[in-house]
Amino acid sequence: MENFTFQGETSTERFENKNDPKSVQKHTELAISNMNKLVTLSNSKEKMEYTKKALDELCKLKYVGPVTATAILGPIFPEHIGYASDEALESLGFDRNVRTTKKLMEFLDVVKSVSEDVFNTSPFRLSDVLWTVAWATTK
């Protein structure tokens, strides 16, 4: 993700100035705890519920929406979370303006299904490939 400047602050500084470290730690730990529960579950509906809880937990932080939450959790849980970049969303038939957790859950369901059933890879790997291909074809 690009670090842009707005009104004299970089995007990272704006995030840091709005979220105190204890809040970031609390919500991140709760999100990761919810994701860690997926290991013990076999029911896909329950897995999606805990995934949604994890995303919602990160969304309690200022400047973190569902898409940013996938960027945070995807590298940690690549077998469950694909990064919902604009390119990955559009490649799988979604509008790039997905900004609700409910709509994002539909994307995560599709990216998981396509990654496993069609490409035999992880959702995060597939989303990374879709982003890379879209980026490479615009250069």
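How many helices and strands does the secondary structure of the protein chain come to?

1. **Overall make-up.** The secondary structure comes to seven helices and two strands. Along the sequence the pattern is β-β-α-α-α-α-α-α-α. Helices (H or I, at least four residues) and strands (E, at least two) are DSSP runs, numbered from the N terminus.

2. **Basis of the values.** This is a predicted model: local features need pLDDT of at least 70, side-chain atom pairs count only at pLDDT 80 or more, and totals for chains, interfaces and linings use all residues. Residues are numbered from 1 along each chain as its sequence is written, and side-chain values use heavy atoms, with hydrogens and water left out.

3. **Burial and contacts.** The protein chain has 139 residues, and 33% of them count as buried. Buried means under 20% relative accessible area, exposed over 50%, and partly exposed in between (1.4 Å probe, protein chains only). Take the contacts between residues at least 6 apart in sequence: 54% join residues at least 24 apart. Contact means heavy atoms within 4.5 Å.

4. **Helix α6, length.** Helix α6 covers residues 101-117. At 1.5 Å a residue, its 17 residues should span 24 Å, and its end C-alpha atoms are 24 Å apart, which agrees. The expected span is 1.5 Å times one less than the number of residues.

5. **Helix α6, faces.** Which residues of α6 are buried? They are Thr101, Leu104, Met105, Phe107, Leu108, Val111 and Ser115. Seen down the axis of α6, these buried residues fall within an arc of 160°, so they line one face of the helix. The arc is that of the directions from the helix axis to the C-beta atoms. An α-helix has 3.6 residues a turn, so residues three or four places apart point the same way. Lys102 and Asp117, on the other side of α6, are exposed. The buried residues of α6 pack against α3 (44-58), α4 (66-73), α5 (86-91) and α7 (123-137).

6. **Ala88.** This residue is found in helix α5. Ala88 counts as buried because its relative accessibility is 0%. Beyond four places in sequence, Ala88 touches Tyr83, Phe107, Ser127 and Leu130. Ala88 and Val129 are 41 residues apart in sequence, yet 8.4 Å apart in space, C-alpha to C-alpha.

7. **His80.** The loop between α4 and α5 holds His80. At 14% relative accessibility, His80 counts as buried. Leaving aside neighbours within four places in sequence, its contacts are Met35, Leu38, Lys112 and Pro123. His80 and Leu108 are 28 residues apart in sequence and 8.0 Å apart in space, C-alpha to C-alpha.

8. **Second largest pocket.** α3 and α6 each supply at least two lining residues. About 190 Å³ of space lies in this pocket. On a 1 Å grid over the protein atoms alone, a pocket is an open set of points where a 1.4 Å probe fits, with protein on both sides within 12 Å along at least five of seven lines; lining residues have an atom within 4 Å of a point. The volume is the space filled by probe spheres set on the points, which are joined across faces, edges and corners.

9. **Positive phi.** Most residues other than glycine have a negative phi. Tyr63 has phi near 70°, a positive value. Tyr63 lies in the loop between α3 and α4 and is partly exposed at 45% relative accessibility. Asn120 has phi near 50°, also positive. Asn120 is found in the loop between α6 and α7 and is exposed at 71%.
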